[in-house]
Amino acid sequence: MIKKVLIANRGEIAIRIIRACRELQIPTVAVYSEPDAGSLHVSYADEAYCIGPKESSKSYLSIPAIISVALTSGADAIHPGYGFLSENADFVDICKEHGIKFIGPSSDSMNKAGDKATARKTMIENGIPVTPGTDIIDDPKEIKKFAKKVGYPVIIKATAGGGGKGMRIVNNENEVEEAFNLCQTEALKAFNNKDVYCEKYLLNPRHIEVQVIGDSRGNVVHLGERDCSIQRRHQKLIEEAPSVFVSEKLRKKMGDDAVKAVKALKYEGVGTIEFLLDGENYYFMEMNTRVQVEHCVTEMISMIDILKEQIRIASGMKLSFSQDDVELKGHAIECRINAEDHERNFMPNPGKIGGYVAPGGFGVRVDSHAYAGYDVLPYYDSLIGKLICWGKDREDCRKRMLMALNQYVITGIKTTIPFHKEILNSEDFIKSKIDTSYIDNKYSKANK
Ligand code: ADP
């Protein structure tokens, strides 16, 4: 078993990892930036080291600083969480060179799975449906040619993209050149890789993703799907499991394809295969090679601790269960509690939290690093917590979530709590009349 884990992250996910390690009786090492000294992950970990100033590039993304702390503290493994260095294949190699286990896939399978264009190729070779699209393009004329075949709109995507960045929708021929140039420039700036490709842009699809886990012995299982269609600007806000749009038959088909994808990529660790669902047709969109923010909804319906399983697998252990052991029960919903003002286009709203009272009770889970007096910093993402509820069915879960949202008190800053209440109370949510453009359409209309 791994002996000591350094957590190369902050916020709620750092706490989630510390909790899993503690249950596995593995000591933890936290790292933090100067302004993060008051963050809960710092006091929760067994040891904590300051690794630099507020800028992520000089702290949470500083590979030399993180490796130095791992070596001096005697950590033999690093958990990257999500974001920051979690999908950086060079970091995986550097960990290896220093004899440190990166808790995640090898750099090779990360490259193969994480690069959208390469992953699409692997899926096509293995008979998994992908959205109609092109290879990497370096001339906007190729976009026009492709669009002639499939029709507008199309979407230009950075092959290294993530977090909703590096994507441009093109509605007609006149927009092609500008969108292409902007996408390349943004990709180069954000991901240091200007490669882009083009896909048919599906109108009003659902975002359905399948949680997968593979061990070092080639065992692969899936834990069913999550529906992440409630998004603003391609970033998820509410996730649920299972999806009301996935029948038992479709679940089996998508699950089998997700397992096939993981095997084709020789992937080890936890990951997510993202699909777009259009009616009964689904298309592979991309693979995320890390634990995701929304992993909790899957944990709630499967009763499988994804983080602990991930750490066990990284230690070289066999998956502790088989596909037949996976039993999905009830329904779970996660609301992302962000320090944002949804009435002003979800503008970040950092600042000091005055009062803080988290909800609780049967089927209620709060994963958060916030507390009364905590200063939400403007330098990092605006997620301050996740409220996850379980119910015996979707309606039971929705009602419990509303009860919990009503009891969640955070004063001093604006949060997405009122937004979630509005959505969960809406007829559209109750009837699941929701697709990936729902929020953007609803709020852009409201702002007009
Ligand atoms: P990221 O890596 O930034 O998360 P994704 O490729 O996962 O980007 O896409 C994020 C979201 O963008 C999807 O959930 C979906 O809402 C939208 N999207 C991406 N590709 C398409 C497409 N071909 N058609 C329609 N929507 C798309």
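How many bridges join strand β6 to β8? Five bridges join β6 (residues 154-162) to β8, and the two strands run antiparallel. Helices (H or I, at least four residues) and strands (E, at least two) are DSSP runs, numbered from the N terminus.

The model is predicted: local features need pLDDT of at least 70, side-chain atom pairs count only at pLDDT 80 or more, and totals for chains, interfaces and linings use all residues. Residues are numbered from 1 along each chain as its sequence is written, and side-chain values use heavy atoms, without hydrogens and water.

**Sheet and helix**

Three strands form an open sheet in the order β7-β6-β8, with antiparallel pairing; two strands pair if DSSP finds at least two bridges between them. Strands β7 (165-170) and β8 (196-200) are the edges, each pairing on one side only. From one strand to the next, the twist averages 25°. Helix α8 (residues 176-191) packs on the sheet and touches β6, β7 and β8, its direction making about 175° with that of β7. Contact means heavy atoms within 4.5 Å; axes are lines fitted to C-alpha atoms, for helices over the stretch in contact, and angles run from 0 to 180 degrees between N-to-C directions. Within the sheet, isoleucine 155 stands opposite glutamate 199 in β8.

**Backbone features in loops**

| Peptide bond | Geometry |
|---|---|
| tyrosine 152 to proline 153 | cis, omega near -5° |
| alanine 241 to proline 242 | cis, omega near -5° |

Proline 153 lies in the loop between α7 (140-150) and β6, and proline 242 in the loop between β11 (235-241) and α9 (248-264).
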